[in-house]
Amino acid sequence: MLKWIDMPPVWLAGALALAWVQKTRYGFGLGFGPVWADLLGGLLVGGGLILLALAIYEMRRHRTTVVPHMEADRLVTSGIFKRTRNPIYLGDSMILLGMILYWDAVLALALVPVFVWVIEKRFIEPEEARLRRKFVAEFARYSQQTRRWL
């Protein structure tokens, strides 16, 4: 059961909940400014959702899993995966940052690097170790050509 709770969307939901609590209960009168934070926040959330959709589409097209704890059947290097090795996690991070800006949760900005660190340690590094073992030469070539985040 813990394996299914320990998933990136759950970590994202937790970070979003903390940001929302900070915004509603502990604002301390801090703010980013009226319009630009809403616009940038919306663009980040929209961009994050697009990244998620593109990545999931590409993984489904190659008939491999999107579940982080499962073994991949294929190494996906096409589509959005040509630009970043982790478009889903990048999209999650963009959604978190976008919502923090939109909610004007200034103090919650500290959650973004914490979230990225957790995702990297709990999911990216183990996933890449499995891919490195299964697709030895192909993953080595892919990781040299494509950055982990951007």
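## An exposed tryptophan

Tryptophan 117 is exposed, with a relative accessible area of 55%. The cut-off for exposed is over 50%, so tryptophan 117 passes it. This residue sits in helix α5. How far is tryptophan 117 from histidine 62? In sequence the two are 55 residues apart, and in space they are 28 Å apart, C-alpha to C-alpha.

These values come from a predicted model.

## The overall fold

What secondary structure does the chain have? The chain has six helices and zero strands. Read from the N terminus, the order is α-α-α-α-α-α. Along the principal axes, the C-alpha atoms fill a box of roughly 55 × 35 × 25 Å.

The chain has 150 residues, and 43% of them are buried.

## Helix α3

Helix α3 covers residues 36–61.

Which residues of α3 are buried? They are Ala37, Gly41, Leu44, Val45, Gly48, Leu51, Leu52, Ala55, Glu58 and Met59. Part of their cover comes from α4, residues 87–103. Glycine 79 is 21 residues from glutamate 58 in sequence, and their C-alpha atoms are 6.5 Å apart in space. Glycine 79 belongs to the loop between α3 and α4. With a relative accessible area of 36%, glycine 79 is partly exposed.

## Helix α4

The same length check works for α4. Its 17 residues should span 24 Å at 1.5 Å a residue. The end C-alpha atoms are 24 Å apart, so the check agrees.

Is α4 mostly covered or mostly open? It is mostly covered, with 15 of its 17 residues buried.

Most residues other than glycine have a negative phi. Two residues in this chain go the other way. Is arginine 63 buried or exposed? Its relative accessibility is 65%, so it counts as exposed.

Aspartate 104 follows α4, with a positive phi near 60°. It lies in the loop between α4 and α5. At 30% relative accessibility, aspartate 104 counts as partly exposed. The range for that class runs between 20% and 50%, so 30% falls inside it.

## The nonpolar core

In soluble globular proteins, nonpolar side chains tend to be buried together. Here, the largest nonpolar core has 40 residues. Which of them have the most contacts inside the core? They are Phe81, Leu96, Ile100 and Ile119. The elements α2, α3, α4, α5 and α6 each give two or more residues to this core. Which element gives the largest share? That is α4, with 10 residues.

Take isoleucine 119 from that list. Which residues does it touch beyond its neighbours within four places in sequence? Isoleucine 119 is in contact with Pro8, Tyr89, Ile124 and Trp149.

## The largest pocket

Rolling a probe the size of a water molecule over the atoms shows where empty space is left. The largest pocket holds about 590 Å³ of space. Its lining has 33 residues. Which of them lie nearest the centre? They are Met59, Thr65, Val66, Tyr89 and Glu127. Met59 is also one of the buried residues of α3. Tyr89 is also one of the contacts of isoleucine 119.

Several helices build the lining. At least two residues come from each of α2 (8–25), α3, α4, α5 (111–134) and α6 (136–145). The largest share is from α5, which supplies five residues. What classes of residue line the pocket? There are 22 nonpolar, three polar and eight charged residues.

Technical notes: Residues are numbered from 1 along each chain as its sequence is written. This is a predicted model: local features need pLDDT of at least 70, side-chain atom pairs count only at pLDDT 80 or more; totals for chains, interfaces and linings use all residues. Side-chain values use heavy atoms; hydrogens and water are left out. Helices (H or I, at least four residues) and strands (E, at least two) are DSSP runs, numbered from the N terminus. The expected span of a helix is 1.5 Å times one less than its number of residues. Buried means under 20% relative accessible area, exposed over 50%, partly exposed in between (1.4 Å probe, protein chains only). Contact means heavy atoms within 4.5 Å. On a 1 Å grid over the protein atoms alone, a cavity is a set of points where a 1.4 Å probe fits but cannot get out, and a pocket is an open set with protein on both sides within 12 Å along at least five of seven lines; lining residues have an atom within 4 Å of a point. Grid points are joined across faces, edges and corners, and a volume is the space filled by probe spheres set on the points. Ala, Val, Leu, Ile, Met, Phe, Trp, Tyr, Cys and Pro count as nonpolar, Asp, Glu, Lys and Arg as charged, and the others, Gly among them, as polar. A nonpolar core is a set of buried Ala, Val, Leu, Ile, Met, Phe, Trp, Tyr and Cys residues joined through side-chain atoms within 4.5 Å.
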